[in-house]
Amino acid sequence: MKRALYLLSVLLLASFVVAGCGKKDEKKAEASKAGITIGSLGPLTGQYAADGNDIKNGVLAAIEVMNPEMGAQGPVNLQAEDDACDPRQAVAAANKLINEKATAVIGAYCSSATIPASEPLIAAKIFMITPASTNEKVTERGMPYMFRTCGRDDDQSKAAVKFMTDQLKSKTIYIVDDKTTYSQGLADNIEKLAASSGLKVLGHEHVNQGDKDYSAVLTKVKAAKPDVFYVSLQNSASAAPMLIQIGRMGIKSKILAQDAVYHPQLIELAKKDAEGVFLTFGYTDKTTPAYQKFADAYKKYGEPGAYSAYAYDSTIAYLKAVKAAGSTDPEKVKAEMMKLDFDGASKHMKYRENGDSGSNYVIQVIKDGKFTNYWNPENGELFK
Amino acid sequence: MDFFFQQLVNGITLGGVYALVALGYTMVYGIIQLINFAHGEIFAAGGYMGVILISWLFAQGYPPFLCLGVALLLAMGYCALLAMALEKLAYKPLRQSSRLSVLLSALGMSIFLQNGLMLTQGVYDRAYPGEMVQGGFEVGTVMISYMQIIIVAVTVLLLVALNLLVFKTRIGKAMRATAQDKTMSGLVGINSGRIISITFAIGAALAAAAGIMVGLYYGSVRYDMGFVPGIKAFSAAVLGGIGNITGAMLGGLIIGMIEVFAAGYISSEYKDVFAFIILIAVLYFMPTGIMGENVDDTRV
Amino acid sequence: MTIRASKLWFGYAVAMAWFYVLLWPLLGIKAAGLEFAASFAIWSKVAVAAAICLVLYQVKQAGAFNFLTKPTERVGEAASAAFRRVPTWLSLAVVLALAVIFPLFTERYAHDVAISILVYIILGLGLNIVVGMAGLLDLGYIAFFGVGAYTYALLSVHFGLSFWLCLPIAASFSALAGCLIGYPTLRMRGDYLAIVTLGFGEIVRIVINNWMSLTNGPNGVLGIKPPGAYWFNGASLEHVWLNHLEQLYYIILALAVFTVLAVYRLNYSRIGRAFEAVREDQTAAELMGVNTLRIKLLAYALGAVFGGLAGTFFAARMQFVSPESFTFIESAMVLAMVVLGGMGSIPGVILGAVALIALPEVFRGFELYRMFVFGGVMAAMMIFRPKGLWPAKRLGARSEERE
């Protein structure tokens, strides 16, 4: 007991020393690390590590592009933090970023990490720009420094349902999701909208995250023979085995998925079973100079993932605002953020009052091993 | 009725994989009463070895079935070596300590190996190359793919081989003796350290085979693929009666079936709940599993 | 000596050869061809590091470091002798005082980590009742944490009940859940208990995840109120929300101190003795007149109470709960704290919680290597201190030690 107490007090003392050193280091760092610190937050380990790394790489690419332009305000440093998509770790990482004097945080990936992490960040007047959390609640809590570069679930479901009724002329659908804030939220929206647009919902099944065997559910789908099979899964790694098993099972329905399954590895993994799969995705014109600039900067990290371009644009937007404001003062930067109006890599960047940047979902199809723009819900026409 | 038979086919395939992984748990448990948490990671390592070796052999232009066979054997050997190293490093020094300490050491090694795989192989899924095994045939409207047949065939083959090894050879006899009583078997000249090593190696080889099968079946592998099947297989081993080899096979099959039929007929989101409820119910009425356990009565 | 040394180096050679055989296929076999450079680079670093460790070990064995270790040992002995003269209450007071002034010296990241540590201390102490005292292996303990967190979350959001009122409510709900889970497991022993508790933990998580109308499923519950308090601001009583990290820190510190006191008292009570009797030998305990079934249920219920308290605070602190916080790996972490610290020992469990929550945070600098290093360190700690960092001192040996 006594030795334990002794050890405890030593440990506590040690933690004081460490904390003290940390403070000293910080001061030193502040002196040497002039410029701007941007944090990135996302799952670098765990199930969604691939997406978290895409975000981090997007931010890195943007910093590289912007650094020469920042002049005396630069250089821009990145502090990448891991939240493992766990709310507790996300809040710890957010507090760490506050300590590190980050002025903006690009992230997080999972809506369930973004929402709790935003509380301390926004309270500390740090910008939080999510490139990936599409849940409506992210921006609908009236937080002044919360921005979103990707689209929203409700917009995406509208585009999907419009495609099914207008273009595919389908009568019946079958829905499956894997029960995450994002994938289920979207699937529920689809179910509601479908019912009101005259589509018959034959079934709505849920699978668990991390499952790879979907044979039981797919057998049901096969028996129901829907016109469209709507697949809402959290990422490409779970979608690939689903597509393979759909192919193996011989399901003839058209398959429609959403933006989270967008990733080059989907085609690499599912190979020919990915052919002909439709998905809703934010429209990106890959021929614009802005996209080319992004693609060049990103080259060394491999193929861009679903959220790489959004993370890139979020970072660019913030840095442009800082440059225009001439300082990192939150009020001034916020005013500049609202004035932004430029062509980003992923889309035209213009933030609205609530922090959203609008959605521009189109339908893509996987054709000859490539994601190809297919149909535009705005005018109901096929892309050429 | 077709629906039923289709689900039956699905269940047998899934159950076969669980059975192969469950055997590793049950054999290790039978001999040193340890829940080897790192077993799921060995399964994942097997899957990765499969991808790595098949990609390489495939690129050299060997025919698919040769690639598969050679990769299967090499991956089984690799995982056997990995498991033996694990045992020497993390479990052997703790042979005299409390069983919970070994359990935690196993948990630590599980995290370590999983992240080791992530660091060496990357966070993205790795695909099996080319079109390894394609297609299938239909009986009525029941779809049976060739891959499912390969999985069941390999599983049955390995199970028969294991049974022969355990019940017909000298090594098997020594393993059974060590499981019954380490001190006594030591007295009659059995090197228990070596037997424990061999047990780990065999369990790991089976897990490696399961890893490759699963990788081929789902088309890809990933560093954390061992976690969920690990827990399921562990449940299967307990359901059958932990330490009991026949029990583990049966348990694997039952868990696979419950999962598929619960998802097919009741609700796919609650399928794991049904699996666990049946497990708990069975243990409530048969506290030592379906086949009964095969070890003496020493517990935490 | 030389024979021993040569044997040691032979073992080293075998181990390194083995390591290379395991490492090379992971890094060296590419579809394009075979490579050796990358794997050799890593291997050589590990080999050199291991060789240095081995040399140091041998030199130490030969006594070359005596000039260093002897004086430090003497200093250590003197220090501990001096320390032994300090009365327990004084050292306790010092620790408590340090804990109380901790926020004044540190920044918010440290506060946040400290809060996490204190939450896990409560969880660890709760699980310690089940595992350490009563000897029932529980792999689903985090379920009670989840029950507590969701109880407060739902009561706060739907009925606006205050945190302080919900503490006992959530604790009793958790206790009820503990009895429910405990009941079917009463006949099982050892590892069967492990899998059944694991199963229950998963069932609770899956139900929370799927019961949309009650829990909002994977979307989690938003808008949970932080603890409130009445503050006399000179003129009138004013209601304030305690949502600053320092305030939360003091609340959880108070809860943790309460838990430590409760568990300490429990340890020396009749019930605590009964727990111990059940752990050592169930049959003998029954013969001595202990109602083993009731005692086991009580162990589950008491353990669950503290899980529920911690959960309530967790919900209030995050102001958001979602099922992702209650996965199996969290149960395993809490169990790791108990075993790593030393089963049945209060300071041990506290140390274990500090180690397991602080380490991943310390390792944040390693980025991708964070969990890799953590797993290795965890296994190494178990190998070098198999009885835990600070094992409990007990009369007589425990059954699992005698095995």
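In which sense, parallel or antiparallel, do strand β9 (residues 254–257) of chain A and β10(A) pair, and over how many bridges?

1. The pairing of β9(A) and β10(A) is parallel and has two bridges; two strands are said to pair if DSSP finds at least two bridges between them. Within this pairing, Leu256(A) stands opposite Phe278(A) in β10(A). Helices (H or I, at least four residues) and strands (E, at least two) are DSSP runs, numbered from the N terminus.

2. A note on the source is needed here. This is a predicted model, in which local features need pLDDT of at least 70 and side-chain atom pairs count only at pLDDT 80 or more, while totals for chains, interfaces and linings use all residues. Residues are numbered from 1 along each chain as its sequence is written, and chains are lettered from A and ligands numbered from 1 in the order in which they are written.

3. β9(A), helix α9 (residues 264–270) of chain A and β10(A) form a right-handed β-α-β unit. Right-handed means that, with the strands pointing away from the viewer, the path from the first strand over the helix to the second runs clockwise.

4. β10(A) also pairs with strand β13 (residues 361–367) of chain A, here in the antiparallel sense and over five bridges. In β13(A), Tyr361(A) stands opposite Gly282(A).

5. Why is strand β10 (residues 278–282) of chain A largely enclosed by the rest of the structure? Five of its five residues are buried, so the strand is largely enclosed. A residue is buried if 20 or more other C-beta atoms, placed from the backbone, lie within 10 Å of its own.

6. Chain A as a whole has 12 helices and 15 strands. Of its 384 residues, 58% are buried. The C-alpha trace spans about 65 × 60 × 40 Å along its principal axes.

7. Chain A also touches chain C: 36 residues of chain A are in contact with 42 residues of chain C, where contact means that the C-beta atoms of two residues, placed from the backbone, lie within 7 Å. On the side of chain A that touches chain C, the largest share, 11 residues, comes from α1(A). By class, this side has 19 nonpolar, nine polar and eight charged residues; Ala, Val, Leu, Ile, Met, Phe, Trp, Tyr, Cys and Pro count as nonpolar, Asp, Glu, Lys and Arg as charged, and the others, Gly among them, as polar.

Note on methods: A residue is buried if 20 or more other C-beta atoms lie within 10 Å of its own, exposed if 12 or fewer, and partly exposed in between; C-beta atoms are placed from the backbone.
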